[in-house]
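Look at the sequence and the coordinates first.

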Amino acid sequence: GAEKPAIFMDCGIHAREWISPAFCQWFVKEVVGNYNSTPLITTLFNQLDFLVVPVVNVDGYIYSWTKNRLWRKTRSKNPGSSCVGTDPNRNFDAKWCTSGTLRDPCSEVYCGPRVESEKEVKAVADFIRNHSSIIKAYLTIHSYSQLLLYPYSYDKSLPSDHRELDDLARNAVEKLRSLYGTKYIYGPGASTIYLASGGSDDWAYDLGIKYSFTFELRDTGQYGFLLPESQIKPTCEETMLAVYHITDYVLDHLY
């Protein structure tokens with residue numbers, strides 16, 4: 001049929017953030033399983049396409065399971081250095097390598113030798129560029145800190161749509177909190193968490209995708225990246241409420 005407006009969601013940009021791929025898988029399971037039985041899901045899926053990448057940084061994710069649980073970066077080789085990998089969320093073409101990142105290949109926040117040097121980043125960016133006319137929202141799932149962030153992270157300027165994005169984020173975290181009382185902070189990335197250039201949400205927003213958000217899921221540091229299995233289900237359930245709210249809003253505010 002005709003192309004529908006789309007929501008793009010990715011998980012697993014950073015290898016050690018295991019709750020992120022878990023959420024993408026949960027999301028797909030829920031929407032497929034509840035299509036035609038839950039009116040909101042049916043409406044959303046009849047009128048929108050959902051483009052979901054469960055694990056962006058596949059090599060890094062496998063390495064975090066097999067060798068080093070707290071590995072963050074990709075697994076690409078860096079010529080002239082024994083240190084491996086680039087931070088994929090500093091590798092997008094969004095004021096690349098200007099703030100909150102380093103040019104040191106041994107750094108956890110290494111921006112890479114050039115924009116989109118990482119094949120994973122280039123694959124995501126190419127796909128979004130090729131479908132930018134239909135993608136109306138970009139959601140990227142990370143952990144941890146319990147935050148809902150919108151642009152900008154690369155500097156402390158505010159996007160032209162910041163009032164709308166702020167209202168949408170506030171309402172989304174209220175929906176999330178309604179289930180288990182989990183408190184999220186929301187706001188622009190630079191002032192809410194830290195300066196970080198080369199991020200995917202800033203890049204997507206500057207490409208013209210207005211509704212660009214980064215989720216930082218549970219928790220706030222007690223377990224950090226080592227979130228226990230018992231928290232997977234409640235984390236996914238509450239996050240679904242925020243994602244549903246955002247996607248329903250986008251459907252009502254297509255541009």
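The model is predicted. The count comes to 3 disulfides. Counted along the chain, the bonded cysteines follow the pattern 1-2, 3-5, 4-6.

**C11 and C24**
- The sulfur atoms of C11 and C24 are 2.2 Å apart, and the two form a disulfide.
- The S-S torsion of C11 and C24 is about 85 degrees, so this disulfide is right-handed.
- C11 sits in strand β1 (residues 6–11) and C24 in helix α1 (residues 19–34), so the bond ties together parts 13 residues apart in sequence.
- C11 and C24 are both buried.

**C83 and C106**
- C83 and C106 form a disulfide with sulfur atoms 2.0 Å apart.
- The link of C83 and C106 is right-handed, with 85 degrees about the S-S bond.
- C83 and C106 both lie in the loop between α3 (58–66) and α4 (119–130), 23 residues apart.
- C106 is partly exposed, at a relative accessible area of 46%.

**C97 and C111**
- A disulfide joins C97 and C111, whose sulfur atoms are 2.0 Å apart.
- The link of C97 and C111 is left-handed, with -60 degrees about the S-S bond.
- C97 and C111 are also in the loop between α3 and α4, 14 residues apart.
- C97 is buried at 11% relative accessible area, and C111 is buried at 0%.

**C236**
- C236 is in no disulfide.
- The nearest cysteine sulfur to C236 is that of C11, 8.9 Å away. A disulfide needs sulfur atoms within 2.5 Å.
- C236 counts as buried, at 1% relative accessibility.

Terms used
Residues are numbered from 1 along each chain as its sequence is written. This is a predicted model: local features need pLDDT of at least 70, side-chain atom pairs count only at pLDDT 80 or more; totals for chains, interfaces and linings use all residues. Side-chain values use heavy atoms; hydrogens and water are left out. Helices (H or I, at least four residues) and strands (E, at least two) are DSSP runs, numbered from the N terminus. Buried means under 20% relative accessible area, exposed over 50%, partly exposed in between (1.4 Å probe, protein chains only).
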